[in-house]
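Dear colleague,

I am passing on the structure we spoke about, and it is placed directly below this note. After it you will find my account of what turned up.

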Amino acid sequence: MRHFLIMTAFAALAGIVFGTVAKDSNRDRFTYGLKVFAEFMVIGVVLAWILYFIPF
Amino acid sequence: MTTVDDKRTYIEKAPPRAWLMGIAGWLVPGLGHLLQGKWVRALLLGGAVWVCFISGFAMGGHLFKYAGAEQGLSSLLQIPPMIGDLGTGLLYIVCWFRDFGFAHDPQQAALPTFEYGWTFLLVAGLLNYLAMLDAFDIASGRKS
């Protein structure tokens with residue numbers, strides 16, 4: 001649970017910064033920030049499951 | 001043709017104020033935007049970097065520096081993460097002068113969050129480089 005929370009915090013911080021520095025309108029920034037957050041979360045969970053099944 | 005050349009010259013030359021804002025943003029996360037009156041951006045960018053940096057230490061992380069004490073080329077491996085950490089500006093410099101946060105004893109390394117800690121510290125620096133470039137672009141008129 002701790003690892004998931006840390007991953008969520010990391011994704012949130014990266015999403016905030018990427019969303020703030022990118023795009024032109026506030027709406028686009030918000031959407032992009034959410035997209036970055038979701039990408040970090042999804043990729044993190046997928047990688048975690050892949051590594052879980054690798055025995056070495 | 002002249003117009004293209006003029007435009008190219010205009011793009012390449014950034015005003016001194018832009019450099020100042022960039023340096024301010026690097027030295028103190030969020031300051032580059034704060035000085036330009038971009039309060040919300042300063043709060044979001046600076047806040048994210050500060051939270052990332054403090055969380056890194058709270059999780060037992062350590063900063064990197066080139067000490068040259070290791071044998072052979074292994075000491076060179078300290079340079080890339082040091083450049084990343086250096087992105088936090090004064091936060092890193094103050095830690096360096098006070099020799100705080102560079103040691104990693106076995107007890108600290110045994111923490112389950114040790115790896116997360118130094119990753120957060122590293123990412124804080126990298127995110128601040130992005131914030132610094134954003135402050136520079138705003139001051140030079142390339143971004144609104």
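**Helix packing in chain B**

The crossing of α2(B) and α8(B) is right-handed. Please keep in mind throughout that this is a predicted model. As for the geometry of this pair, the axes of α2(B), which covers residues 16-27, and of α8(B) come within 8 Å of each other and cross at roughly 155°. Because angles over 145 degrees count as roughly antiparallel, α2(B) is to be described as roughly antiparallel to α8(B).

The residues that bring the two helices together can be named: on the side of α2(B) they are Arg17(B), Ala18(B), Met21(B), Gly22(B), Gly25(B) and Trp26(B), and on the side of α8(B) they meet Asn128(B), Ala131(B), Met132(B), Ala135(B), Phe136(B) and Ala139(B). Sorted by class, this contact between α2(B) and α8(B) consists of eight nonpolar, three polar and one charged residues.

**Chain B as a whole**

Chain B contains eight helices and zero strands, so that, in the sense of DSSP runs, its elements read α-α-α-α-α-α-α-α from the N terminus on. Taken along the principal axes, the C-alpha atoms of chain B fill a box of roughly 65 × 40 × 25 Å, and of the 144 residues in the chain, 38% are buried. If one considers the contacts in chain B between residues at least 6 apart in sequence, 70% of them join residues that are at least 24 apart.

**Where chain B touches chain A**

On the chain B side, 13 residues are in contact with seven residues of chain A. The elements of chain B that give two or more residues to this side are α4 (39-58) and α8 (114-139), and of the elements involved α4(B) gives the most, with seven residues. By class, the residues on the side of chain B that touches chain A divide into nine nonpolar, two polar and two charged.

**A helix of chain A**

Helix α2 of chain A, residues 26-53, has 28 residues and reaches 41 Å from its first C-alpha to its last, which is close to the 40 Å expected at 1.5 Å a residue. Of those 28 residues, the number buried is two, so α2(A) lies largely in the open.

With best regards

Conventions
Residues numbered from 1 in each chain as written. Chains lettered and ligands numbered in written order. Predicted model: local features only at pLDDT ≥ 70, side-chain atom pairs only at ≥ 80, totals over all residues. Helix = DSSP H or I, 4+ residues; strand = E, 2+ residues; numbered from the N terminus. Nonpolar A, V, L, I, M, F, W, Y, C, P; charged D, E, K, R; others polar. Buried ≥ 20, exposed ≤ 12 C-beta atoms within 10 Å, placed from the backbone. Axes fitted to C-alpha atoms, helices over the stretch in contact; angles between N-to-C directions. Parallel < 35°, antiparallel > 145°, perpendicular 65-115°, else oblique. Left-handed = near helix turned anticlockwise from the far one by under 90°. Expected span 1.5 Å × (residues − 1).
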